Amino acid sequence: MKKYITDKKNGLDYTLVNGVYLPNLISTETSYEIDVWGRRHHDYIMKHHKVFYTSLKTSCKINSYLHDVDVHATEMYDRIVKQLKEQQGITEQLKAEDMMAWVQAMSAT
């Protein structure tokens, strides 16, 4: 018996182990580091959208999906903070002149 085979119907590779062919289910997905927004979204979909979560897991797309969510959420957060700083007049000059006032203003934002 061959050590490795490929099923033409489903495209999966199999390895012979103790007389039984087992599918090679190692993820080929790139592993991205997931930051705070991706982890929060992971918890949310795991709790509230179980079918979608399972679909992402079984298709090996969970990591890249969460990475995309994390990148977009971080960009949105940064953009919103920048807009709020501009609206409230929080500048780098304020930071240089009065650090405590800048910290208070940033905390209120």
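## Terms and model

A residue is called buried when its relative accessible area is under 20%, exposed when it is over 50%, and partly exposed in between. The structure described here is a predicted model. By that scale, Phe-52 is partly exposed, because its relative accessibility is 35%.

In soluble globular proteins, nonpolar side chains tend to be buried together. Here the largest nonpolar core has six residues: Ile-34, Ile-45, Tyr-53, Leu-56, Ile-62 and Leu-66. Two helices, α2 (50-58) and α3 (62-88), each give two or more residues to this core.

Which residues does Tyr-53 touch, leaving aside those up to four places away in sequence? The contacts of Tyr-53 are His-42, Ile-45, Met-46 and Ile-62. Of these, Ile-45 and Ile-62 are also listed in the core.

## Helix α3

Helix α3 has 27 residues, and at 1.5 Å a residue it should span 39 Å. Just after α3 comes Gly-89, which takes a positive phi of about 75°.

The buried residues of α3 are Ile-62, Asn-63, Leu-66, Val-69, Asp-70 and Val-81. What covers them includes the helices α1 (36-48), α2 and α5 (99-108).

## Aromatic pairs

A pair of aromatic rings is described by the distance of the centres and the angle of the planes. The count for this model comes to two aromatic pairs. One is formed by Trp-37 and Tyr-77, with 5.7 Å from centre to centre and 45° between the planes, and this pair is tilted. Trp-37 belongs to helix α1 and Tyr-77 to helix α3, so the pair ties together parts that are 40 residues apart in sequence. Both residues are partly exposed: Trp-37 has a relative accessible area of 28%, and Tyr-77 has a relative accessibility of 44%.

The rings of Phe-52 and Tyr-65 also pair, with centres 5.3 Å apart. Why is this pair edge-to-face? The planes of the two rings stand at 85°, and an angle over 60 degrees counts as edge-to-face. Phe-52 is in helix α2 and Tyr-65 is in helix α3, 13 residues apart, and the pair links distant parts of the chain. Tyr-65 is partly exposed, with a relative accessible area of 23%, and Phe-52 is partly exposed too, at 35%.

## Charged side chains

Side chains of opposite charge can pair when their charged atoms come close. How many salt bridges does a search of the whole structure find? The search finds one. It joins Arg-39 and Asp-35, whose closest N and O atoms are 4.0 Å apart. Arg-39 is partly exposed at 44% relative accessibility, and Asp-35 is partly exposed with a relative accessible area of 44%.

A charge is also placed over a ring: Lys-95 lies over the face of Trp-102, at 4.7 Å from the ring centre.

## Thr-15 in strand β2

Thr-15 is part of strand β2, which covers residues 13-17. Is Thr-15 buried or exposed? Thr-15 counts as buried, because its relative accessibility is 14% and the limit for buried is under 20%. Not counting residues up to four places away in sequence, Thr-15 touches Lys-3, Tyr-4, Val-20, Tyr-21, Leu-22 and Asn-24.

Note on methods:
Residues are numbered from 1 along each chain as its sequence is written. This is a predicted model: local features need pLDDT of at least 70, side-chain atom pairs count only at pLDDT 80 or more; totals for chains, interfaces and linings use all residues. Side-chain values use heavy atoms; hydrogens and water are left out. A nonpolar core is a set of buried Ala, Val, Leu, Ile, Met, Phe, Trp, Tyr and Cys residues joined through side-chain atoms within 4.5 Å. Buried means under 20% relative accessible area, exposed over 50%, partly exposed in between (1.4 Å probe, protein chains only). Helices (H or I, at least four residues) and strands (E, at least two) are DSSP runs, numbered from the N terminus. Contact means heavy atoms within 4.5 Å. The expected span of a helix is 1.5 Å times one less than its number of residues. Rings of Phe, Tyr and Trp (its six-membered ring) pair if their centres lie within 6.5 Å; planes under 30 degrees apart count as stacked, over 60 as edge-to-face and the rest as tilted. A charge sits over a ring if NZ of Lys or CZ of Arg is within 6 Å of the ring centre and within 35 degrees of the ring normal. A salt bridge is a side-chain nitrogen of Lys or Arg within 4 Å of a carboxyl oxygen of Asp or Glu.
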